Amino acid sequence: MGISDNDVQKQLRHMMAFIEQEANEKAEEIDAKAEEEFNMEKGRLVQMQRTKILEHYEKKEKQVELQRKIQRSNMQNQGRLKCLKAREDHLRAVLDEARSNLSRISADSHRYPSILKGLIMQ
């Protein structure tokens with residue numbers, strides 16, 4: 001008694017179902033592994049780009065701080081220049097007033113010799 005065609009077909013279907021089940025399980029394993037590798041690579045790339053972005057903004061912050069320091073220095077220099085100009089203008093005004101007073105005093109022939117004598121003695 002040999003195996004009937006029906007039994008052979010049944011065994012073939014059973015073997016095909018088993019092989020198909022094994023192939024599906026293997027495909028699921030491959031998909032799961034690919035998904036895991038994808039997520040790892042994606043995480044690595046995201047972290048790398050995040051680091052680049054942070055470095056970029058740190059560099060921008062340093063540039064802004066440098067510009068702020070330069071601007072503050074320029075403003076201080078402008079203030080110093082204004083102060084020096086005001087001092088020079090005031091000194092010039094004092095000298096002009098002294099010249100005019102000196103020429104007025106030197107024109108007074110009665111007081112001039114005594115003032116000159118007092119200045120020489122000092």
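Asp 89 and Lys 85 both lie in helix α1, where four residues, about one turn of the helix, separate them; helices here are DSSP runs (H or I, at least four residues) numbered from the N terminus. The model is a predicted one, in which local features need pLDDT of at least 70 and side-chain atom pairs count only at pLDDT 80 or more, while totals for chains, interfaces and linings use all residues. Residues are numbered from 1 along each chain as its sequence is written, and side-chain values use heavy atoms, with hydrogens and water left out.

**Salt bridges and their network**

- Across the whole structure, a search finds six salt bridges, a salt bridge being a side-chain nitrogen of Lys or Arg within 4 Å of a carboxyl oxygen of Asp or Glu.
- Asp 89 forms one of these with Lys 85, and the closest N and O atoms of the pair are 3.5 Å apart.
- Asp 89 counts as partly exposed because its relative accessibility is 36%, where partly exposed lies between buried (under 20% relative accessible area) and exposed (over 50%), using a 1.4 Å probe and protein chains only.
- Arg 92 forms a salt bridge with Glu 88, with 3.0 Å between the closest N and O atoms.
- Both Arg 92 and Glu 88 belong to helix α1, four residues apart, about one turn of the helix; Arg 92 is partly exposed at a relative accessible area of 45%, and Glu 88 is partly exposed at 43% relative accessibility.
- Through salt bridges that share partners, Lys 85, Glu 88, Asp 89 and Arg 92 are joined into one network.

**The pair Arg 68 and Glu 65**

- The side chains of Arg 68 and Glu 65 meet in a salt bridge of 3.1 Å, N to O, and both residues lie in helix α1, three residues apart, about one turn of the helix.
- Arg 68 counts as partly exposed at 44% relative accessibility, and Glu 65 is also partly exposed, with a relative accessible area of 30%.

**A patch of negative charge**

- Glu 22, Glu 25, Glu 28, Glu 29, Asp 31 and Glu 35 gather in a patch of negative charge on the surface; such patches are made of residues with over 30% relative accessible area and no salt bridge, like charges being joined within 9 Å, and Asp and Glu count as negative.
- Asp 31, one of the residues in this patch, has its place in helix α1, which covers residues 5–107, and counts as exposed because its relative accessibility is 53%.

Note on methods: Patches are made of residues with over 30% relative accessible area and no salt bridge: like charges are joined within 9 Å, nonpolar side chains (Val, Leu, Ile, Met, Phe, Trp, Tyr) within 5 Å. Accessible areas come from the Shrake-Rupley method with a 1.4 Å probe; for residues, only the protein chains shown count as cover. The place of a charge is taken as NZ of Lys, CZ of Arg, CG of Asp or CD of Glu. Helices (H or I, at least four residues) and strands (E, at least two) are DSSP runs, numbered from the N terminus.
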